[in-house]
Every structure is written in C-alpha cells, then in structure tokens.
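Take a moment to look at the fold before reading on. We will walk through its sheets, its helices and a few loop residues.

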Amino acid sequence: MSELTVKAEKLDAGDELAAKRAEFVLDGPEGAVYLDGNSLGALPVAVPGRVADVVGRQWGEMRIRSWAESGWWTAPERIGDRIAPLVGAAAGQIVVGDSTSVNVFKALVGAVRLAQENGPGRDEILVDATTFPTDGYIAGSAARMTGCTLRPVEPSEVPGALGERTAAVLLNHVDYRTGRLHDLPSLTAAVHAAGAYAVWDLCHSAGALPVGLDEHGVDLAVGCTYKYLNGGPGSPAYLYVRADLQERFDSPLPGWNSHAEPFGMRSEYAPAEGAVRGRVGTPDILSMLALEAALEVWDGVTVEAVRAKSLALTDFFLECVGTYVPESRVECLTPLPHEERGSQVALRCADAGPVMQRLIGRGVVGDFRHPDVLRFGFTPLYVGFADVERAARVLAEELG
C-alpha cells in the first residue's frame with residue numbers, strides 16, 4: 001500500500017461530509033470514480049421517488065388541482081429561496097426557471113436598461129473574453145438589441161477597461177476550462193465605481209464554494225442547477241436580481257407568469273413585484289420538482305464545509321498527480337493558490353481526447369475540452385479522497 005493510499009484512507013476517515021455520499025446513486029467501491037459533476041451532478045437518492053409522486057399522484061390523480069394544492073404555482077420562488085443560502089442571498093431575490101442562456105439574456109438586457117435609465121451615454125457591454133461560448137453569443141444579441149457595442153475583455157483587465165460608456169459587465173465566477181476562480185468582490189466593486197452593473201454567471205461555482213451575492217452587492221446573477229446542485233439533466237436555471245433593483249428590473253421577456261395579474265388576461269403588461277418579475281412562461285414542473293428534491297441533500301451542510309473539502313480534494317489530487325504522473329506528460333492549467341481555484345482541476349495533455357476515453361473505459365470519469373484539456377470536477381458531497389488517489393494512479397498508468 002502506497003503512502004498516498006494510506007493518506008487517502010486517513011483523509012476519508014476524518015471527512016465530515018463522508019456520510020453525504022450515501023444520499024447519492026453511485027457505483028460501489030470497485031465501480032466508477034465520478035469526477036464529472038462539474039458537467040452533470042450525480043443523482044440524489046430522493047429524486048426518483050419524488051418524481052414518481054409528482055407524475056403518479058400530483059399529475060395523475062390531482063391533475064389541475066396541483067397548481068394550488070401541490071404548490072406548483074409557487075415552486076419557482078420557493079425553490080429559489082432554497083438555492084439562495086448556497087449563493088449568499090437572502091430570500092425573495094431568486095426565481096427558478098428557463099435555461100441559463102435565457103436567464104443570461106434577461107439579466108444582461110435588464111442590466112443595460114438599468115444603466116441607460118440612469119443617464120445617456122451608456123452604450124457598451126463588456127464580456128468575459130474567456131467565457132463559455134453561449135454567454136458570448138447571448139451578449140452579442142443583447143448588445144444588438146440595446147444599441148450597445150460589445151467588447152470582450154479578460155477578467156483581470158476589466159478594471160482598466162471600464163469607463164463612462166460601460167453599461168454592464170458579464171463575467172464568469174469560475175472559468176469552465178481552467179477552473180480559475182475570478183475575484184467577484186473586487187471586480188463587482190470596480191464595475192460599480194464606474195457606474196455600471198455587474199452580471200455574474202455562477203454555473204461553475206454555486207454549490208462548490210461561497211459566492212456572497214448580497215455581501216458583495218452583486219446586481220444580477222444567473223446559474224444552472226445540474227452541476228454542483230445535482231438537479232438533473234436540463235434542470236431549470238435561476239435568476240438573481242438584487243432586492244433594491246427589482247422594482248426597476250425591466251425584463252426583455254415579459255410573460256404572463258411575470259404579470260402582476262397573471263390570470264387577469266389583460267392586453268397591457270404590468271410587471272409583478274419582487275423576484276416574480278424574472279418569470280416568463282409556465283414553469284417546467286417535472287424537472288423543477290426533481291430539482292427541489294435534489295436540493296434536500298444540502299440539509300445540514302454549510303457551503304464553507306463544502307469549500308474546505310473541495311480545496312482539500314483538489315490539493316490532494318494535485319499531490320497525487322505530481323507523484324504518479326511523469327512531469328512532462330501533463331501541465332496544470334488550474335491556479336494553485338486557493339483564492340484563485342474553483343472545484344475542478346484542468347490538465348493540458350497533448351493527446352487529451354484519447355486519454356480521457358481510456359480513463360472512462362477504466363472507470364475514471366472526467367471530461368475533455370478541445371483541443372487538449374482533461375477536466376476533473378470534484379463534488380465534495382460525494383467524492384472521497386480514495387477516489388482522488390485512484391483517479392491519479394489510473395491517469396499515470398494510461399500516460400505511461
């Protein structure tokens with residue numbers, strides 16, 4: 001037994017979150033090591049039974065009555081309040097529904113309208129130059145729609161790029177390729193000092209590390225729920241609008257669900273108060289209530305404990321890779337300082353695509369990003385230190 005194997009056993013023995021693993025549907029000790037929760041979280045054991053109840057009883061037996069009696073109508077705000085503590089937000093500021101892309105569009109156009117309402121001359125949107133492609137596509141469309149120019153900027157260069165023309169800035173909290181954690185507090189402060197509005201994409205941070213939306217005065221934020229929140233494939237995303245901005249938030253997608261009188265069927269639109277303004281159409285109830293059941297795994301868990309384990313897992317993985325893998329075979333793209341690291345490790349490897357396929361074939365499931373990046377995501381609620389050691393050892397064996 002190697003020193004790192006012994007160390008993994010000791011770390012697992014002292015893991016305060018170890019019991020949470022039993023709340024997920026996972027392979028046994030000899031099964032797969034799942035390190036792709038940054039793309040799709042594992043299935044919480046409570047979800048299948050809840051979905052069966054929603055389909056069989058709430059829909060099958062109660063039918064239309066379930067909108068009121070089963071709480072379907074209020075689910076977007078109720079589940080938003082369940083997510084709120086995980087991203088450092090008070091209740092009443094998050095609504096769940098639609099996809100991340102749709103919510104990015106709502107948030108960014110809404111942010112520009114807020115800025116332009118404050119005064120003329122705000123006609124530029126800054127977007128994270130390293131962003132996930134969809135965010136860039138949406139930002140381009142939002143710019144055309146609002147009469148703005150779009151300027152891609154590296155996150156570290158945002159403070160120097162801000163000016164009197166800046167209306168809104170769209171940034172990713174964690175870079176999806178490298179796992180780099182950007183400085184949300186200081187960047188948000190810089191955006192505000194320039195008189196602009198900050199929109200943050202939390203897809204790769206929510207459920208993995210503290211965000212502090214309220215604490216740091218973030219204006220608007222969006223995120224998916226199928227990664228570290230384990231909501232399931234295609235589970236609905238969410239939109240955060242800071243409480244003091246809600247009265248002025250002008251969604252570019254006003255729908256009957258966000259109307260002050262949704263059943264009044266009036267020809268003129270009057271927005272509802274609060275987070276409800278972020279709704280558009282009929283909620284996707286089946287996936288939404290599956291998400292609500294999935295979020296129960298967070299009962300009794302603090303984000304701080306998750307963050308501590310996340311850093312310990314990624315530290316240990318880097319230690320194991322450094323010990324097992326020949327130095328010339330991989331290059332770590334993920335920052336080593338804790339304050340700059342999310343909950344994944346990205347390794348550059350010349351033949352990354354075929355290597356990942358071989359790893360998956362041997363039960364170590366990560367993913368590949370073009371052209372040469374191996375990504376390993378560490379979900380602290382169900383990944384253990386023995387998993388980490390095994391993944392690094394198998395990687396070394398495949399790289400030779």
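An axis here is a line fitted to C-alpha atoms, for helices over the stretch in contact, and angles run from 0 to 180 degrees between N-to-C directions. Helices (H or I, at least four residues) and strands (E, at least two) are DSSP runs, numbered from the N terminus. The model is predicted: local features need pLDDT of at least 70, side-chain atom pairs count only at pLDDT 80 or more, and totals for chains, interfaces and linings use all residues. Residues are numbered from 1 along each chain as its sequence is written, and side-chain values use heavy atoms, with hydrogens and water left out.

Start with helix H1 (residues 3-13) and helix H10 (residues 303-324). Their axes come within 11 Å and cross at roughly 170°. H1 is therefore roughly antiparallel to H10. The cut-offs are simple: angles under 35 degrees count as roughly parallel, over 145 as roughly antiparallel, 65 to 115 as roughly perpendicular and the rest as oblique. Which residues of H1 and H10 meet? On the H1 side they are Leu4, Thr5, Lys7, Ala8 and Leu11. On the H10 side they are Phe316, Glu319, Cys320, Thr323 and Tyr324. Contact means heavy atoms within 4.5 Å. By class, the residues of this contact divide into 6 nonpolar, 2 polar and 2 charged. Ala, Val, Leu, Ile, Met, Phe, Trp, Tyr, Cys and Pro count as nonpolar, Asp, Glu, Lys and Arg as charged, and the others, Gly among them, as polar.

H10 also leads us to a sheet. The helix lies across strand S11, strand S12 (344-348) and strand S15, and runs at about 25° to S12. These strands belong to an open sheet of 4 strands, in the order S11-S12-S15-S14, with antiparallel pairing. Two strands pair if DSSP finds at least two bridges between them. S11 (331-332) and S14 (367-369) are the edge strands, and each pairs on one side only.

Now follow the pairs across this sheet. S11 and S12 run antiparallel and are joined by 2 bridges. Cys332 has Leu347 in S12 as its bridge partner. S12 and S15 also run antiparallel, with 5 bridges between them. Here Gln344 stands opposite Gly377 in S15. S14 and S15 (residues 373-377) pair in the antiparallel sense over 3 bridges. Asp367 stands opposite Arg375 in S15. Is S12 mostly covered or mostly uncovered? S12 is mostly covered, with 4 of its 5 residues buried. Buried means under 20% relative accessible area, exposed over 50%, and partly exposed in between (1.4 Å probe, protein chains only).

Between S14 and S15 there is a loop that holds Pro371. A cis peptide bond joins His370 to Pro371, with omega at about 0°.

Next comes another sheet. It is open, has 7 strands in the order S4-S10-S9-S8-S7-S5-S6, and its pairing is mixed. The edge strands are S4 (94-96) and S6 (149-153), each pairing on one side only. From one strand to the next, the twist averages 15°. S6 runs parallel to S5 (residues 124-128), and 5 bridges join them. Glu124 has Thr149 in S6 as its bridge partner.

Helix H4 lies across S4 and S10 (238-241) and runs at about 120° to S4. H4 (residues 75-83) also packs with helix H9 (residues 285-294), at an angle of about 25° and with axes 10 Å apart. The two helices are therefore roughly parallel to each other. In H4, Ala75, Pro76, Arg78 and Ile79 meet Met288, Leu289, Leu291 and Glu292 in H9. This contact has 6 nonpolar, no polar and 2 charged residues.

Asp98 lies between S4 and helix H5 (100-118). Its phi is positive, about 65°, although Asp98 is not a glycine. Asp98 counts as partly exposed because its relative accessibility is 28%. Arg63 sits between helix H2 (47-62) and helix H3 (66-69). Arg63 is another residue other than glycine with a positive phi, near 50°. Arg63 is exposed, with a relative accessible area of 52%. Gly163 is found between helix H7 (158-161) and strand S7 (166-172). Gly163 touches Arg122 and Ala194, not counting residues up to four places away in sequence. Gly163 and Val191 are 28 residues apart in sequence, and their C-alpha atoms are 9.1 Å apart in space.
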